[in-house]
Amino acid sequence: MREIAVSVENVSFKYPNEANYAVKNVSFYVQEGEWLAIVGHNGSGKSTIAKLLNGLLRPESGVIKIFSTELNETTIWEIRKRVGMVFQNPDNQFVGTTVQDDVAFGLENNGVPRDEMVERVDEAIRLVKMEEFLEQEPHHLSGGQKQRVAIAGIIALQPDIIILDEATSMLDPKGRNEVLETVRDLKKKQKITVISITHDLEEVVKADRVIVMNKGEVLTQGTPEEIFLLGEQLEKIGLDLPFTVKLSNELKGAGFPLTTDHLTAEGLVEELWTLYSKM
Amino acid sequence: MNSMIIGKYVPGTSIVHRMDPRSKLIMVFFYVFIVFLANNVETYAVLMIFTFSLILLSRIPLSFIIRGLKPIFLVILFTFLLHLFMTKEGELLYRLGWFEIYEQGVKQGVFISLRFLSLIIVTTLLTLTTTPIEVTDGVESLLSPLKKFNMPIHELALMMSISLRFIPTLMEETDKIMKAQTARGVDFSGGSFQERIKAIVSLLVPLFINSFKRAEELATAMEARGYRGGEGRTKFRLLTWKTADTALIVSLILLAIILFILRS
């Protein structure tokens, strides 16, 4: 039985001076080692949830637990060490003047002794494959590289959970793949739980489980396959479907006897060519 | 403007490059005072020897420094001429109508120019051989005793290092906004004074708004990574005081003693 990494119970949150709740009575859990995607259009409250999870925002009501430790004033710093966050803008989270300084920033904040810090910085940079860039300054790096440095800065703190708050939305496809590949790799090696808040459907497809948010509430949750079966319902709340799902729906509509929905191009191609040989 | 070297850093591995920024800062600080001890030919000679030995040790080509200091030479020339014509002491050397040059004038002019030159070279050497972030670390370390008096030294140093880090980012952004505004018909290069001000405003407003946004996001990211002020923080960058640093300070003391003995 896997442990529950994150549990959110009846959490509500409202930004000051705003009439509507950004997050309304939301409950969900994340298992240890799971990759959970949270999707929803702008203003659905998904980024607010990310900020609630490591105490950047405090819920108005409800309980958030990280590995059964309740998030409150006294545990907040401990929890921030265990829950790392990668934000959207690669530039605006790069604090250090060079790659290694930036990776060290979190360790400095937590008062890690220097000898240990040097080791952990080196290891973290190796894990994200940025060792050639140790002394580089941020303006010489690509967006994807900066995000990998941000991930290294978090890995150095040896967290249990990484939250990607639209971390790939400002990157080009190459940078996006770099970053997702890095996270996937880390997840395999270190049993890290990943919560990715995203627009990117490719990211959703690769998740273990998906939560769909709408107007601050959880609309539905399930595996990516289950979620994309909802088709129209998703489009109604402003979400897009992956190209392969759309194509397979259209084909079915046109009378081709396809059996299931297809999340990946490979799956669709596979069925299409075997279908031809059956006909 | 590009040849200007004040404030620039030239990467290198010379002994001066590898020195602790603290020793270099201390040395520049006291050098500014020691320079004023010189008041005759011998002392100025010693001063120049000291200055040029430093340049030699830093392995930065003299021609590079001279080229970089060209704009400064104008100022030096001006000071020289001012002293040359205004000092009316000593023997009269030359006269052309009301135009007179005295011995003391020449002396003063040369001395002041040399003093100025030496000061500029030594301070420029500091920035030429030390990265801005090292200077920041050095300043933080040297000023850290003031923390006892509740001076926000750590915060100031962090401010400095974040500003340094964001200079290229904001330059890039300025460039981008200028291009975007040019595409919308703003003319940055010409027009009357009023039109120019208007153009600048169209650049500054988005730049400021974006900077505030960046600041907020950076603050959030820093907090998410456990930043809570200087309390209980350890440092990744290590400053190590080496023999060369002690040697630099000792040579500075010796310089002061020599100048004191030789001065008239």
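Analyst: Happy to! Helices here are DSSP runs of H or I with at least four residues, strands are E runs of at least two, and both are numbered from the N terminus. The model is predicted, so local features need pLDDT of at least 70 and side-chain atom pairs count only at pLDDT 80 or more, while totals for chains, interfaces and linings use all residues. Residues are numbered from 1 along each chain as its sequence is written, and chains are lettered from A and ligands numbered from 1 in the order in which they are written.

User: Where is the place of Ser68(A) among the strands of chain A?

Analyst: Ser68(A) lies in the loop between strand S4 (61-66) and strand S5 (69-70) of chain A. Although it is not a glycine, Ser68(A) has a positive phi of about 60 degrees.

User: What makes Ser68(A) count as buried or exposed?

Analyst: The test counts other C-beta atoms, placed from the backbone, within 10 Å of the residue's own: 20 or more means buried, 12 or fewer means exposed, and anything in between is partly exposed. Ser68(A) has 9 such atoms, so it is exposed. Lys191(A) can be treated in the same way: it has 10 C-beta neighbours inside 10 Å and therefore counts as exposed. Lys191(A) sits in the loop between helix H6 (173-190) and strand S8 (193-197) of chain A, and it has a positive phi of about 55 degrees without being a glycine.

User: Which residues is Ile125(A) in contact with, leaving aside neighbours within four places in sequence?

Analyst: A contact means that the C-beta atoms of two residues, placed from the backbone, lie within 7 Å. By that rule, and leaving aside neighbours within four places in sequence, Ile125(A) touches Val99(A), Gln100(A), Val103(A), Met130(A), Glu131(A), Leu134(A) and Ala152(A). Ile125(A) and Gln100(A) are 25 residues apart in sequence, yet their C-alpha atoms are 7.8 Å apart in space.

User: How do you know how far helix H3 (residues 99-109) of chain A is enclosed?

Analyst: By the count of its buried residues: 11 of the 11 residues of H3(A) are buried, so the helix is largely enclosed by the rest of the structure. Among them are Val99(A), Gln100(A), Phe105(A) and Leu107(A). The buried residues pack against helix H4 (114-127) and helix H5 (143-155) of chain A. Just after H3(A), Gly111(A) takes a positive phi of about 65 degrees.

User: How many residues does each chain bring to the contact?

Analyst: Chain A brings 28 residues and chain B brings 26. H3(A) gives the most to the side of chain A that touches chain B, with 6 residues.

User: What is the make-up of that side of chain A by class?

Analyst: Ala, Val, Leu, Ile, Met, Phe, Trp, Tyr, Cys and Pro count as nonpolar, Asp, Glu, Lys and Arg as charged, and the others, Gly among them, as polar. On that basis, the side of chain A that touches chain B has 11 nonpolar, 11 polar and 6 charged residues.

User: Moving on to chain B, what angle do H3 (residues 41-58) and H6 (residues 103-129) of chain B pack at?

Analyst: Axes are lines fitted to C-alpha atoms, for helices over the stretch in contact, and angles run from 0 to 180 degrees between N-to-C directions. H3(B) and H6(B) pack at about 20 degrees, with their axes 10 Å apart. Angles under 35 degrees count as roughly parallel, over 145 as roughly antiparallel, 65 to 115 as roughly perpendicular and the rest as oblique. H3(B) and H6(B) are therefore roughly parallel to each other. Their contact has 11 nonpolar, 4 polar and no charged residues.

User: Why do H2(B) and H7(B) get the label they do?

Analyst: The axes of helix H2 (residues 21-34) and helix H7 (residues 132-143) of chain B come within 8 Å and cross at roughly 75 degrees. These two helices are therefore roughly perpendicular to each other. H2(B) contributes Pro21(B), Arg22(B) and Leu25(B), while the residues from H7(B) include Glu134(B), Val135(B) and Leu142(B). By class, this contact has 5 nonpolar, 2 polar and 3 charged residues.
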